[in-house]
Amino acid sequence: MVEIPPAVAKFLDGTHQSIVIGGERREARSGNTIDVRDPGTGEVIGRIAAGGPDEIDLAVGDARRAFEEEWRDTKPAARERALLTLADLVEANAEELATLETLDVGKPLTESLYVDLHYAATSLRYFAGWATKISGDVHPVSPPVGDAFVYTRREPLGVVGAIVPWNYPMLFYTWKVGPALATGNTVVIKPSEFTSLTAIRFAELALEAGIPPGVVNVVTGYGAEAGQAIIDHPGIAKISFTGSTATGRKILAATANTMAKVTLELGGKSANIIFPDADLDAAVQGALFGIFLNQGQVCAAGSRLFVHPAVHKEVVEAIAQEAEAIVLGHGLAPDTQMGPLVSDVQLARVAGLVDSGRQQGATVVCGGERPGGDLAPGYFMQPTVFTDVKDDMRIAREEIFGPVLSVFSFDEEDEVIARANASRYGLVAAVWTNDLKRAHRVAAQLEAGTVWLNAYNVLDPTTPFGGYKDSGIGRDLGLEAVHSFTQTKSVWVNLD
Ligand code: NAD
């Protein structure tokens, strides 16, 4: 039994006040709740409110009031300062937030601290800087008669619905709240029903940072209830969504009625390609990091590893040896290197896909089972590596979102590019080679929003992140993300 630190226990105190509207914590009007489970033990450790259309309506109303009465007209420098203060508070409370994240998601505490919380604070600081740097243009117009002076303004959209998945909750709040607030919008966050704890604390810290009540609201609840109510709501000007492609399609269907703008960051089935001239030690480490970070529950997971036959045996042996040595355990246990999956639902899904791999004739090189003993009650899955995978098997085509690697062989450069691109997804790809010309040639031809050359899973707030094809619409991060939270107004001044 892992002890829950006192600073964290207040979020699990049974009051179910997990909805934050206008700066006030409250329960759902219906009184409905959702169990919070520790994925490391499977035990219920608390309850959160299951909000629905009533709470979304209240939150959107309050966010609109805060937008009109305050935030849209708050001076850019004041918005920048508030976001910088929020970043400082996130950093100052990083241990508490990381503990909440680990209890909710399952990932090792070191990962929550040094990946999620580190990048959350960094991302907020990056977006804070844009508040004072967003500008319009002056246009050299040629009116048929007389003359005119024309300039553009980048104005906020209004109330943004931020719908977030369970794999990187804290990080994604900052990717959405950062650009939304920097540009003068207000936000209603709908966290995942599996992982809502850090959202509540984040909303409290926003108030502490001096961000007015109503600017950052949180409605916890199920996707089909609270989530659907956001995407159907006519008062929402933009949906910033990260999650599955299936839910992304529902958002596109709903926003056909509301005309809300959308950014969709969706699933992936990313190709990681090792050429025979690569630095193999680095490539093996990249492949391991690419598939086992966060138990493989990463949209950018390098779940399809293409290895040239000249180095195939060596690479597979090295990966399997390291994978077998990974220490599984509760995320709060100090020696844990890999935690559980987020939920019993996710475990069943991953285990089902592993079974399908076996049944369709792939070979399990390592893992493939749920660990027993003390870990049996948690949602654990062994790090798993398959070889002899055919391109048409389910494990080759479907996003698994778990610690499961499929290894393929390829002979020619053109062939591997075609096979890497033969997926509906197109989020990221990686190439390992020391041939400079080949590296850039292949990068240019891969259908993916990010291509890593001799690297994997590296991101920076300055650099746009998002998908080709079914992996999404629009970009998070970078100036492209900032602009997507604004709309352009052209102002014509008659100079005659
Ligand atoms: P999901 O689509 O099931 O849920 C994501 C969010 O959408 C949750 O908050 C959920 O409650 C909500 N939701 C569900 N149904 C809804 C509806 N009808 N209307 C509105 N909201 C609804 O995804 P998940 O299982 O939480 O997350 C895993 C998925 O997220 C994977 O496919 C993964 O690839 C993707 N993901 C993508 C990125 C990226 O940047 N591209 C990053 C992380 C995760």
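Visitor: How far is an oxygen atom of the ligand from a polar backbone atom of Val164?
Guide: The distance is 2.8 Å, from a ligand oxygen to a polar backbone atom of Val164. Keep in mind that this is a predicted model.

Visitor: And what about the backbone of Gly223 and of Gly243?
Guide: For Gly223, a backbone N or O atom lies 3.4 Å from an oxygen atom of the ligand. For Gly243, a polar backbone atom is 3.2 Å from a ligand oxygen.

Visitor: How much of the ligand does the protein bury?
Guide: The protein buries 91% of the 850 Å² that the ligand exposes when taken alone.

Visitor: Which pocket is that in?
Guide: The ligand sits in the largest pocket.

Visitor: Switching to domains: why does the ligand lie between the two?
Guide: Domain 1 (6-266 + 471-491) and domain 2 (271-460) both contribute residues to the shell around the ligand, so the ligand lies between them.

Visitor: Which residues come nearest?
Guide: Lys190, Glu193, Ser244, Leu266 and Glu399 do, out of 28 residues around the ligand.

Visitor: What's the class breakdown of the shell?
Guide: The shell has 13 nonpolar, 10 polar and 5 charged residues.

Visitor: Which helix or strand gives the largest share?
Guide: That is α8, with 4 residues of the shell. At least two shell residues each come from α8 (223-232), β10 (238-242) and α9 (245-258).

Terms used: Residues numbered from 1 in each chain as written. Predicted model: local features only at pLDDT ≥ 70, side-chain atom pairs only at ≥ 80, totals over all residues. Heavy atoms only, no water. Near = heavy atom within 4 Å. Polar contact = N/O pair within 3.5 Å; in protein donor to acceptor, adjacent residues only side chain to side chain. Areas by Shrake-Rupley, 256 points an atom, 1.4 Å probe, with all protein chains shown as cover. 1 Å grid on protein atoms, 1.4 Å probe; cavity = no way out; pocket = protein on both sides within 12 Å on 5 of 7 lines; lining within 4 Å. Sits in = over half its atoms within 2 Å of the grid points. Nonpolar A, V, L, I, M, F, W, Y, C, P; charged D, E, K, R; others polar. Domains from an automatic or database assignment.
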